[in-house]
Amino acid sequence: MTSSLFFNITTIAYFAAMVVFIVYMTSRNNQAIGFGATLICWAGFIANTLAIGLRWKEAYALGFEQAPLSNLYESVVFFSWSILLIYLIFDLKYKQRAIGAFVIPFAFAGMIWAQWGLDATIQPLVPALQSNWLTYHVITCFIGYAAFALACGVSIMYLIKIGKEEKSAEESPIGGMLGMFPSTKILDDLNYKAIMLGFPMLTIGIITGAAWANYAWGTYWSWDPKETWSLIVWFVYAAFLHARFTRGWVGRRAAWLSIIGFAATIFCYLGVNLVLSGLHSYGGS
């Protein structure tokens, strides 16, 4: 068995989970379908975990003593793994399975892009990456990114539902697929809780990144494009939390800020690596 096989199984499982979640949303509260979608998520998550572990083993067999976090392919499949980790934690705690229809597509998009569009060759780390700080930095950053992905998904749900509620206030109660959405209060609360998880993880990721930069290049901060955009993302989510704590920002404004923050996160992760030049340009190879 190879990591490639399990990554293919992961992609199929995430696609199946996404489809079943959509069926669940249109099935008038058939809990068995929602439970089935969750089981598929767990199967995909386990396959994703095994695939990452096997890829780590394959790298060691080639003589490369490195965690599978060293190039764009490996970071994308790890990002998908992180999204499932955060989603499953929230599912276990809050049991709001409808949000899977808006969160799992992020994980599936990452896996399908990695499998069809990225080079999966295992290559040795460049000297700048040969440090345990790489592992600490990548893991904490991507768990933060995954929490922001969940916050973005529930924010999209919030905006859809609040818009429909305002239109139907004088007509009839919301039914159909929108009737399966959690209440706007729950969605707003999940957005806040996801960002409360992601923000400290991003903060730790920036700190470990600075320590890693000092180890690799002799300076904690050099205003590299990746560092600059990481700081921008940090300020967006810091502004979200500040506005919520001090000005009571909830609802639509909080949802839009969450979506803007995730868009900035994706640009920080992919746009900087693939478009801009800098110390992190190796991430696009």
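This is a predicted model: local features need pLDDT of at least 70, side-chain atom pairs count only at pLDDT 80 or more; totals for chains, interfaces and linings use all residues.
Residues are numbered from 1 along each chain as its sequence is written, and side-chain values use heavy atoms, with hydrogens and water left out. Local features need pLDDT of at least 70 and side-chain atom pairs count only at pLDDT 80 or more, while totals for chains, interfaces and linings use all residues.

**Exercise 1.** Work out how helix 3 and helix 4 pack, and what their contact is made of.

*Solution.* 
- Step 1: classify. Angles over 145 degrees count as roughly antiparallel, so helix 3 and helix 4 are roughly antiparallel to each other.
- Step 2: list the contact (heavy atoms within 4.5 Å). Helix 3 brings residues including Leu72, Val76, Ile83 and Tyr87, and helix 4 brings, among them, Val103, Phe106, Met111 and Trp113.
- Step 3: sort by type. The contact has 14 nonpolar, 4 polar and no charged residues, where Ala, Val, Leu, Ile, Met, Phe, Trp, Tyr, Cys and Pro count as nonpolar, Asp, Glu, Lys and Arg as charged, and the others, Gly among them, as polar.

**Exercise 2.** Is serine 75 buried or exposed, and what is it in contact with?

*Solution.* 
- Step 1: Serine 75 sits in helix 3.
- Step 2: apply the cut-offs. Buried is under 20% relative accessible area, exposed over 50%, partly exposed in between (1.4 Å probe, protein chains only); at 8%, serine 75 is buried.
- Step 3: skip neighbours within four places in sequence, and you're left with Phe142 and Tyr269.

**Exercise 3.** Go through salt bridges of the structure and say where the partners lie.

*Solution.* 
- Step 1: search. A salt bridge needs a side-chain nitrogen of Lys or Arg within 4 Å of a carboxyl oxygen of Asp or Glu; the whole structure has 4.
- Step 2: arginine 55 and glutamate 74 meet at 2.6 Å, N to O. Arginine 55 lies in helix 2 (residues 31-61) and glutamate 74 in helix 3, so the pair ties together parts 19 residues apart in sequence. Arginine 55 is buried at 4%, and glutamate 74 is buried at 2%.
- Step 3: aspartate 91 and arginine 97 pair up at 3.6 Å, both buried.

Key. Axes are lines fitted to C-alpha atoms, for helices over the stretch in contact, and angles run from 0 to 180 degrees between N-to-C directions. Helices (H or I, at least four residues) and strands (E, at least two) are DSSP runs, numbered from the N terminus. Angles under 35 degrees count as roughly parallel, over 145 as roughly antiparallel, 65 to 115 as roughly perpendicular and the rest as oblique.
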